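This report walks through selected features of one structure, beginning with a residue that takes part in a charged pair. Please keep the sequence and the coordinates in view while reading.

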Amino acid sequence: MNTKSTIIKAGLAILIASSFIACKPYKYAESDKEYKRLAKGFSKTIAAMPPLNQQIDSLSQPVDFVGTVNMSMRKANYVMIHHTAQDSTAQTLRTFTLKGPATSSHYVIGRDGKVYQMVNDYLRAQHAGVGKWGSVTDMNSSSIGIEMDNNGTTDPWTEAQINSLLTVLGSLKKKYSIPTANFIGHADYAPGRKNDPKNFPWETLAKKGFGYWYDANLEPAPENFDAVAGLRIIGYNIANLPNAINAFKIHFVQDDAQNKTLTERDRAIIYNLVKKYQ
Ligand SMILES: [Zn+2]
């Protein structure tokens, strides 16, 4: 053995040893396996001809299945943004890889801007729960969920995190032709039940085409303007009005987010927004 090859071998040994030290064990092998098992089940359901469990009973004749050649996968038409209310991305990844909490989202974005995808965009994540926005009552089926790592109380939003979010939103908006109005928060969809994302830079997002924001020069709303109907036009479920007002303020009037009654300024904001959302 010559000296050169000995040196190369020794170098390789150091490299291998150091890579073992640097690599932490992969923590999600088990949940990845379960993801694959579930996805395989869905692909079987999708490929079955005729489709399984889609019988329509009580017809005078049975339904015949004839496969068309013109079809594609369904796409999300909304994006819903959350804060995780947890202390770290690792904690959120752990929660979303456990069966017990039964929650997940398509994307998780860390404070450092690192993006994790946990569900295929074409599949249904479990992030929205019970709620209503416009006439949509199953937002899990209609939306892509994005969880922003933030404890929901004292955490500031970092530039890296918001920059990553804007990049993800740009990609999703383009890929799935998501309308500007359809970028919403969890609190918008579930007033009274959810308050996330809190203190969120919605205005920054709106400037980039993700949701709307009101004009800087607000004109007062006319006296006969029905602000409650305005909230409904924007998308809020007004069944419980104080909660709807609160959700509106969490999004659009963050300096008065605790208040559940409408001020003249709120009425002017709603009057201005209605023209954009309708
Ligand atoms: Zn949420």
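## A salt bridge between a helix and a loop

Glu-219 counts as partly exposed, at 44% relative accessibility, where buried means under 20% relative accessible area, exposed over 50% and partly exposed in between, with a 1.4 Å probe and protein chains only. Lys-275 is likewise partly exposed, with a relative accessible area of 44%. Lys-275 forms a salt bridge with Glu-219, the closest N and O atoms being 3.6 Å apart; a salt bridge is a side-chain nitrogen of Lys or Arg within 4 Å of a carboxyl oxygen of Asp or Glu. Because Lys-275 lies in helix α10 (residues 264-277) and Glu-219 in the loop between α7 and α8 (227-234), the pair ties together parts that are 56 residues apart in sequence. Helices (H or I, at least four residues) and strands (E, at least two) are DSSP runs, numbered from the N terminus.

The model is a predicted one, in which local features need pLDDT of at least 70 and side-chain atom pairs count only at pLDDT 80 or more, while totals for chains, interfaces and linings use all residues. Residues are numbered from 1 along each chain as its sequence is written, and side-chain values use heavy atoms, with hydrogens and water left out.

## Other salt bridges

Asp-266 forms a salt bridge with Lys-249, with the closest N and O atoms 2.5 Å apart. Asp-266 belongs to helix α10 and Lys-249 to helix α9 (residues 241-252), so this pair ties together parts that are 17 residues apart in sequence. Both Asp-266 and Lys-249 are buried.

A further salt bridge joins Arg-265 to Asp-255, the closest N and O atoms being 3.6 Å apart. Here Arg-265 lies in helix α10 and Asp-255 in the loop between α9 and α10, so the parts tied together are 10 residues apart in sequence. Arg-265 counts as partly exposed at 41% relative accessibility, whereas Asp-255, at 61%, counts as exposed. Glu-34, Arg-37 and Lys-99 are linked in a network of salt bridges, and the count of salt bridges comes to 12.

## The zinc site

The zinc ion is coordinated at 2.1 Å by His-82 (ND1), His-186 (ND1) and Asp-196 (OD), where donors are N, O and S atoms within 2.8 Å of the metal (3.2 Å for Na, K and Ca) and, since water is not among the atoms, sites may look incomplete. In sequence the donor residues are spaced H-x103-H-x9-D. His-82 lies in strand β1 (residues 78-83) and Asp-196 in the loop between α6 (186-189) and α7 (202-207), so the pair ties together parts that are 114 residues apart in sequence. His-82 and Asp-196 are both buried.

## A buried serine in a loop

Ser-104 is found in the loop between α3 (89-96) and β2 (107-109), and at 13% relative accessibility this serine counts as buried. The side chain of Ser-104 reaches the backbone nitrogen of Gln-126 at 3.0 Å. Leaving out residues up to four places away in sequence, Ser-104 touches Phe-96, Val-119, Ala-125, Gln-126 and His-127, contact meaning heavy atoms within 4.5 Å.

## An exposed isoleucine

Ile-46 lies in helix α2 (residues 29-47), and at 59% relative accessibility Ile-46 counts as exposed.

Methods
A polar contact is a pair of N or O atoms within 3.5 Å; within protein, one must be able to donate a hydrogen and the other to accept it, and residues adjacent in sequence count only if both atoms are side-chain atoms.
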